[in-house]
Amino acid sequence: ENTLMAIATPGHTKGHTSYYIQATETLIAGDAIVINADSTLDIANPQFTLNIAAVFNSVRKLAMLPIQQLICYHGGIFSGNIAAAFEALIQKYTHEIFK
């Protein structure tokens, strides 16, 4: 079944939503996650983010999904080990938010 799930991913903006296609394990992250020039994942520019802690919680929620393809509005399609990239992103912000 090709179900499209809307997932609330607040933080960057109040009502931000990401989308997940179960059949293909595709996550359309929108602005919840960006792909940097060095092919690492990050959150949208913190100076334009309403709530960093909410973004962090949204990223952790998305990381729990089985993802084979990741599409970001900023950066395009992610190539590489998605689970490891999410883990690196979570570790980065665990240290920054919970110093």
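Q: How many bridges join strand S3 to S6, and are the two parallel or antiparallel?
A: Strand S3 (residues 26-30) and S6 run parallel and are joined by 4 bridges. Strands are DSSP runs of E with at least two residues, helices are runs of H or I with at least four, and both are numbered from the N terminus. Two strands pair if DSSP finds at least two bridges between them.

Q: What sort of model is this?
A: It is a predicted model, where local features need pLDDT of at least 70, side-chain atom pairs count only at pLDDT 80 or more, and totals for chains, interfaces and linings use all residues. Residues are numbered from 1 along each chain as its sequence is written, and side-chain values use heavy atoms, leaving out hydrogens and water.

Q: Which residue in S6 is the bridge partner of Leu27?
A: Leu70. In S7, Leu70 has Phe78 as its bridge partner.

Q: How do S6 and S7 run?
A: Antiparallel, with 3 bridges joining S6 to strand S7 (residues 76-78). They form a hairpin with 3 residues between them, and Gly75 in the turn has a positive phi of about 125 degrees.

Q: Which residues are on the covered face of S6?
A: Leu70 and Cys72 are on the covered face, while Gln69 and Ile71 are on the uncovered one.

Q: What does Leu70 contact beyond its neighbours within four places in sequence?
A: Leu70 is in contact (heavy atoms within 4.5 Å) with residues including Leu27, Ala29, Ile82 and Phe86.

Note on methods
Buried < 20%, exposed > 50% of the residue type's maximum accessible area, 1.4 Å probe, protein only.
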